[in-house]
Amino acid sequence: MSVSLLQKGVFMMSIFRSILPRVARSNGWRCFSTRIPYDNIAELNKEMESIFGESPSPSPLGSSPPQQPVQPAHEAEDSQPVLTHTDSSGQAKMVDVSPKEDSKRVAIASCRVLLGQKVFNLVASNEIAKGDVLTVAKIAGITGAKQTSNLIPLCHNINLSHVRVDLILNEEDSSVVIEGEATTSGKTGVEMEAMTAVAIAGLTVYDMCKAASKDICITDVCLQHKSGGKSGSWSRN
């Protein structure tokens, strides 16, 4: 190495040491790391260029801002839920299921009707004035499942192959536990039919028993299981 290059290097280091503290103080950061912010490196480079007439070559400190990883577009799209009952302008629409394949589709839903001890005893002993609560509610639930498309505006009119509605008295919380199942072979699912079945059955229990108490509460109407179709099977944990 020539003496002139050595002298130039020593002079550059002395300049760097004199500039860096001033830049640090003006920006409020302390020099305990070699990871110096990009804006400050650019300022140091500008000082060097004004002294030596050229920009310094890249150094281990880095001369470009840190690069952020770019998430693939398909991952971002997959994480976005899609509402199928609205069009591109946000207006309600009925989904066209004609391109779909026919498959067996099953859905199971449930709900709970909290009766209270007094009404529970009346239902259990079949002493409600209107008659057999559980039998009437069972028939109402089956009928409700078949009327789903008339009750829910954008539901398809489905040919149901089977509907099951079961009502069980639960002594632990003085309730009626209702489970409904709907089955079809077609292009769209029967989740709404199963949930309509248990909801209508629960409302019927209330109607049958409301003369004895107004504290009756219908709760926990939800889907428990579905199978068939493009999305496959799903079960509530």
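Ser175 touches Arg112, Val113, Leu114, Leu115, Phe120, Ile168, Leu169 and Asn170, leaving out residues up to four places away in sequence; contact here means heavy atoms within 4.5 Å. This is a predicted model, where local features need pLDDT of at least 70 and side-chain atom pairs count only at pLDDT 80 or more, while totals for chains, interfaces and linings use all residues. Residues are numbered from 1 along each chain as its sequence is written, and side-chain values use heavy atoms, without hydrogens and water.

Ser175 sits in strand β3 (strands are DSSP E runs of at least two residues, helices H or I runs of at least four, numbered from the N terminus).

| Item | Value |
|---|---|
| Ser175, relative accessible area | 0% |
| Ser175 side chain to Arg112 side chain, polar contact | 3.3 Å |

Ser175 therefore counts as buried (under 20% relative accessible area, with exposed over 50% and partly exposed in between, 1.4 Å probe, protein chains only). A polar contact is a pair of N or O atoms within 3.5 Å; within protein, one must be able to donate a hydrogen and the other to accept it, and residues adjacent in sequence count only if both are side-chain atoms.

Of its 29 residues, Leu115, Ile178, Val205 and Cys209 touch the most other members. The largest share, seven residues, comes from α7. Beyond its neighbours within four places in sequence, Cys209 contacts Val119, Val123, Ile128, Val133 and Ile216.

Definitions and conventions
A nonpolar core is a set of buried Ala, Val, Leu, Ile, Met, Phe, Trp, Tyr and Cys residues joined through side-chain atoms within 4.5 Å.
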